[in-house]
Amino acid sequence: MGRHYYYHKYGDGIGIMPIEFLQNLSEMQIVGNLTVLSLLIGGIIMATGLIIAKVVKVLFYKYYAPTLPKDTAQNLSKLLYFGIIIISFLAFTSSQGIDLSGLLVAGGIFAVVIGFATQSVVSNLISGVFLMLEKPAKQGDTIQIPDMSISGTLLDIGTFSSRVRKFDGTVIRIPNEKFFTSNIRSLTASTVRRADVMVGISYKDDIENAISVIKKEIEVTMPFVLKVPEPEFRVEELGDSSVNIQVLVWHPKDDWSQAQPILLTTVKRALDRAGVEIPFPQRVIWEAKD
Amino acid sequence: MSDAGNSFTKYGLHDVNDLLEISLPNTEIKIERIGENAFSYFRKDSEGKIVEKMVPVKSNQIQIEVAPIRPLNHPARRTGYVFLKFDKEIYLSENSAASIFVHCPIEIGIFLIHDSHHDSLDWITCNPLNSRFGLYGSPDTGTLCKYAEVSLATDYSDSIPFVEGVMKIVIENTLSSGQTVSKVIFPITDNSLYYEDSKAIIDGIKVTMKKRAVVSIADVKTAPVSTDWTKSPTWEDTTITTSMEMGLE
């Protein structure tokens, strides 16, 4: 063998060696008609397909994804990537002379069996497709799922599950079936949102004056509160110890943190400055005389 | 640098040698040389907020341009629309037109001119209390706007220094009935601003009330001003987030 190799390398037959090598490979059968050469060609096809898929994915993310909505870009990217891989796989099977028609018949029966066994997986897959079509919320939206007591930012809607980053920074994975069948409250779908607090003032204080000082303090110190619609005040209840006033203000959807968390502080500050009492729960006791 | 008539700095170009102090209503700005090719920027505004920046440049000479800009940045840039509510309603009879001047809020841009660059360095508002948001339409589909209650002005010279510029609004009623106009909502991003000394004017708008099919609409178009005042540079937000390993802002 060594001599043979030497002859081809330095003799007149330079170039014959690789052909002979390939012929040898084509003669080395693994199973049935499957030879080492056909497997090598199949491997090259699959590897080329994988490389093309990755390159297309990278190019897509670089040049086209920035102009598309995040979730659309992600879904299109997956479609391109797996589409190229499936085409490569089909090319691979045809290069090996594998007839898939028999597999399809067997696959039909097999799919029924698998379908029963993996109902929840299929259900999640179908729900994922419907979520992508219906788009109850898009990537980056702040959402609330009251049924599951989850609030946070929607990171993505995947094939089987969706991920939400909660406000505490942790990421929660929700199976698509549960996500699809739950009530989803989008906190950023509207242009503006409303924040509200309740405050009680004493019975001896003037309601109009209390509302006036609160309104003025909000106007001066809360720049994210909208002038139109203007802050609303509702005398909600004549409570046991206080007259309860509800304060409602509108703010741009992205500026919740500049309204809701500081609204009560602003209201209290206004009432404190104006000398309006915020009463503690109290009880008047009448002592009967014999 | 300061005007002898009042203590405030005028709009325009200012050379920075070792120290430049810019005085605006309720606002104090200092640009100081801290090295051969480095300057420091300090600003304290009417709300007590302090901004400090380091400005390294190639050349050892810089200029600062103080100019009026569109009122879109305070308290945060959220929209390109402006909602002007007139303090007095305007009644227009059928097939008539009116031309009015109104005071429109402005902000002030601080631009850095160095090495043949013209950069947006900072912005301020001298009247933050009149810089609020308003909604036109419903909460789910409406348009978020910068909101201001505006009064009528006599002419272009009626500008309130550093606080309000003057804008001309032409309102035309082509409808077959009289109309009362109390507000106007329009994108201000196409309107340029012009300055002279401490006064500012803004490109006007033309509002045409007309019938489109069965709906009455108000069509708003920009009407550029013809003036020899200096045109303000366009403010560009340079605070972008760059993606890198540790982030950069």
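Chain A splits into domain 1 (2-98), domain 2 (128-186) and domain 3 (192-273), with bounds that come from an automatic or database domain assignment. Please keep in mind that this is a predicted model, where local features need pLDDT of at least 70, side-chain atom pairs count only at pLDDT 80 or more, and totals for chains, interfaces and linings use all residues. Residues are numbered from 1 along each chain as its sequence is written, while chains are lettered from A and ligands numbered from 1 in the order in which they are written.

**Between domains of chain A**

- Five residues of domain 1 of chain A are in contact (C-beta atoms, placed from the backbone, within 7 Å) with six residues of domain 2 of chain A.
- On the domain 1 side of this contact there are one nonpolar, two polar and two charged residues; here Ala, Val, Leu, Ile, Met, Phe, Trp, Tyr, Cys and Pro count as nonpolar, Asp, Glu, Lys and Arg as charged, and the others, Gly among them, as polar.

**Nonpolar cores**

- A nonpolar core is a set of buried Ala, Val, Leu, Ile, Met, Phe, Trp, Tyr and Cys residues joined through C-beta atoms within 7 Å, and buried means that 20 or more other C-beta atoms lie within 10 Å of a residue's own.
- The largest such core has 76 residues, and B:L84 and B:I108 have the most contacts inside it.
- Apart from that core lies another of five residues, among them A:A137 and A:I143.

**Where chains A and B meet**

- Chain B brings 15 residues to the contact and chain A brings 13 residues.
- The chain B side divides into nine nonpolar, three polar and three charged residues.

Terms used:
A residue is buried if 20 or more other C-beta atoms lie within 10 Å of its own, exposed if 12 or fewer, and partly exposed in between; C-beta atoms are placed from the backbone. Two residues are in contact if their C-beta atoms, placed from the backbone, lie within 7 Å.
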